[in-house]
Amino acid sequence: MLTLDQTTTTATCDLPELVFNLRWAWNTETMRLFERIAPEVWASSRHNPVALLTGPQLDQTIDALARDPSLRWAIEQQRDELRKYLSVPTERAPRVAYFSAEFGLCECLPIYSGGLGVLAGDHLKAASDAGLPLVGVGLFYHQGYFRQALGWDGRQGEEYPLLDPESLPLELVRDADGEPIQFSLDFPQRPVWIRVWRAQVGRIPLFLLDTDFPDNDPVDRQITARLYGGDNDMRIRQEIILGRGGVQALQIMGEPIDVYHMNEGHAGFLALERIRTVMQRQGCSFKVAAEQVRSGLVFTTHTSVPAGIDYFDPAALQWYFGQYCQELGIDIQDILQLGREKPSDTTAWFSMAILALRMSRRSNAVSQLHQKVSMKLWSGLYIDPTSAPEPIRGITNGVHTATWIAPELASLLDRALDPDWRIHPERPENWRAIRSLSDQDLWSVRNTLRARLISEVGDRLNRADVLDPDILTIGFARRFATYKRAALILQDLDRLVGILTNPDRPVRILYAGKAHPRDEGGKDLIQALWRVMGDWRFNNSVIFLPDYDVELARFLVQGCDVWLNTPLRPHEASGTSGMKAALNGALNASILDGWWDEAYTPAIGWAIGDRAAEWADRGSHDSADAIATYETIEHQIAPLFYQRDSDGLPREWLAMVRNSLLTIAPAFSAARMVRQYRNELYAVAGQR
Ligand SMILES: *Cc1c(COP(=O)(O)O)cnc(C)c1O
């Protein structure tokens, strides 16, 4: 694949070292270097640096390096920096395998659908920074999650471009003889073969399982085609590959694991594979093995919405685990009991979340409010104290600082703060010197970031000429799940026009997000926004940007002045995009749900609606929240943003920005989150 031997410069030979460690995904310098080497290749490959090294582009790369010695010098410098980063030894601590159905690390590896995946990616990056001994386990989807394109009528369409693993920053895992590692799981009619790709995420390996190769029946090759793409039967097959296949892959690769972490219930079958291993190794009963396995398992629940939980027909479990039961001499009821609220209820469907809760030493929800909601949601499991799992803890999500902070703001902080803020963003004292930043400097960076966002929006929509970069800009970008109520603000269009097109205080709202391909309600919301976007009365003040991904997310969270969130309380488990925005000096305006319920104070942002209110029906709840949103924007946000002093500075706004950065950046960092997982979950489950 790489034929770099044809080059003579050591610098060119060092390029693959930089390219194949995804550490570049959180190192702006390295990404800028890739861009400098071949700007068009970088742009057209969706920021995939492997493209610089393959096919005819390799000659271009070699030419560029031959022409420009400063590029060669920069490669060496970046290589040294990477080696230094990698040379710090990992902690002596329990070794963790982190299983997740999706990982969002960078735009060229689109194997995530939203917050869950991006959180998993941030978890790996922060674990790498902290030197935790952790490996990731997921699936390599050949068509990833879809790319969104809107039709002539604003209806979402889905495209599935093929991903070629050979031209991505992945390497096929091989054995000592250089042969690809390959093993099979016994499915009812035939074995399904699995091979493993490795992505290197700083110091952390991420293993991605794959069934799409010629040894498999065409039907089975489809198992790893699409993230959340198929029906329930496809879903259970994917989860068997992830859970059972993942455990086997780690054994075959000789990865010693002390703690298995199930990030959401999708990975629950790993518990059954662990039980099988223990039963066969020790010749013990299913019950004894389950108890032993349980002590090394931890689980994170990410949803408050019952529709977000996987349930499988007992017949499907019987079908796929028949052979497993036979092999171990157990009854299918032994398994089914683990996934039912009432073990005796033999008709209930099998819940992956209940399996994971029952099989985990410790479990956690992803915000303090979500912890309460989860304990209520699963209260049935806690009625009988003799079989109740440990109470669910609350470990609030966080975001990976280096991934999400804008380079311009980071440079400004470098001038004011102790350099330790980059290594330990979780320490509040590292952010305190933000108080000493001048309003001038802070405002200047905010204007730069907004202008960059608006210029990107102009390019994407061919409307560069009509978009004023100095207008108060509100962002709303996330999955278009209906409970997130993206179109809440459209309830009273006349009122909205008045607020957004007020000549003294104009406001712009930028939207982005994908609806799940089968979520017609979510697609309706996109279409409603698209219609408003075409309504001349709004004069470009409402804009929907198609094809949301982590790149567009970066533009938006870095450039918007305000981050809006209007979920139906208490359905938002945590939410993380608002943390990313705050890290860049945006202010949050949100329903008191998820993380905002614990973060909010009037000094750092706005609370929309009433925590305590009770509603007779969904309609009145929605209209009250819509009105509260209008009031907040019209009477609080816009006046404060446009209140300028004689130097043209919004002093009070900037005071809030400082407060918000100061409190949110450390407390809602992935560095803090990973530390808590380490202390509260991994350390305990790792004790033997
Ligand atoms: C952060 C992020 C999300 C999560 O957004 P929420 O507000 O938590 O729902 C979803 N998608 C992408 C691409 C992100 O970067």
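Me: Does Asp80 count as buried, exposed or partly exposed, and at what relative accessibility?

Reply: This is a predicted model, in which local features need pLDDT of at least 70 and side-chain atom pairs count only at pLDDT 80 or more, while totals for chains, interfaces and linings use all residues. Residues are numbered from 1 along each chain as its sequence is written, and side-chain values use heavy atoms, with hydrogens and water left out. Buried means under 20% relative accessible area, exposed means over 50%, and partly exposed lies in between (1.4 Å probe, protein chains only). Asp80 counts as partly exposed, at 42% relative accessibility.

Me: Which residue meets the side chain of Asp80 in a salt bridge?

Reply: A salt bridge is a side-chain nitrogen of Lys or Arg within 4 Å of a carboxyl oxygen of Asp or Glu. The partner of Asp80 is Arg79, with 2.8 Å from N to O. Arg79 is buried, its relative accessible area being 14%.

Me: How many salt bridges are there by this rule?

Reply: The count is 48 salt bridges. One of them joins the side chains of Arg83 and Glu17, at 2.7 Å from N to O. This pair links distant parts of the chain, 66 residues apart: Arg83 belongs to helix α5 (residues 69-87) and Glu17 to helix α1 (residues 10-19). Helices (H or I, at least four residues) and strands (E, at least two) are DSSP runs, numbered from the N terminus. Arg83 is partly exposed at 41% relative accessible area, and Glu17 is partly exposed at 30%.

Me: Which parts of the chain does the salt bridge between Glu255 and Arg95 tie together?

Reply: The side chains of Glu255 and Arg95 meet at 3.0 Å, N to O. Glu255 lies in the loop between α8 (232-253) and β9 (259-263), and Arg95 in the loop between α5 and β1 (96-100), so the pair ties together parts that are 160 residues apart in sequence. Arg95 is partly exposed, with a relative accessible area of 26%.

Me: Which residues are linked in a network of salt bridges?

Reply: The network consists of Asp439, Asp645, Asp647, Arg651 and Arg658.

Me: Which residues come nearest to the ligand?

Reply: A residue is near a molecule or strand if one of its heavy atoms lies within 4 Å of it. There are 14 residues around the ligand, and Lys484, Gly575, Thr576, Ser577 and Lys580 come nearest. Helices α6 (115-130), α21 (550-559) and α22 (577-583) each supply at least two residues of this shell.

Me: What distances separate oxygen atoms of the ligand from N or O atoms in the side chains of Ser577 and Lys580?

Reply: The distance is 2.4 Å for Ser577 and 2.6 Å for Lys580. The protein covers 96% of the 390 Å² of accessible area that the ligand has on its own, an area that comes from the Shrake-Rupley method with a 1.4 Å probe.

Terms used:
A polar contact is a pair of N or O atoms within 3.5 Å; within protein, one must be able to donate a hydrogen and the other to accept it, and residues adjacent in sequence count only if both atoms are side-chain atoms.
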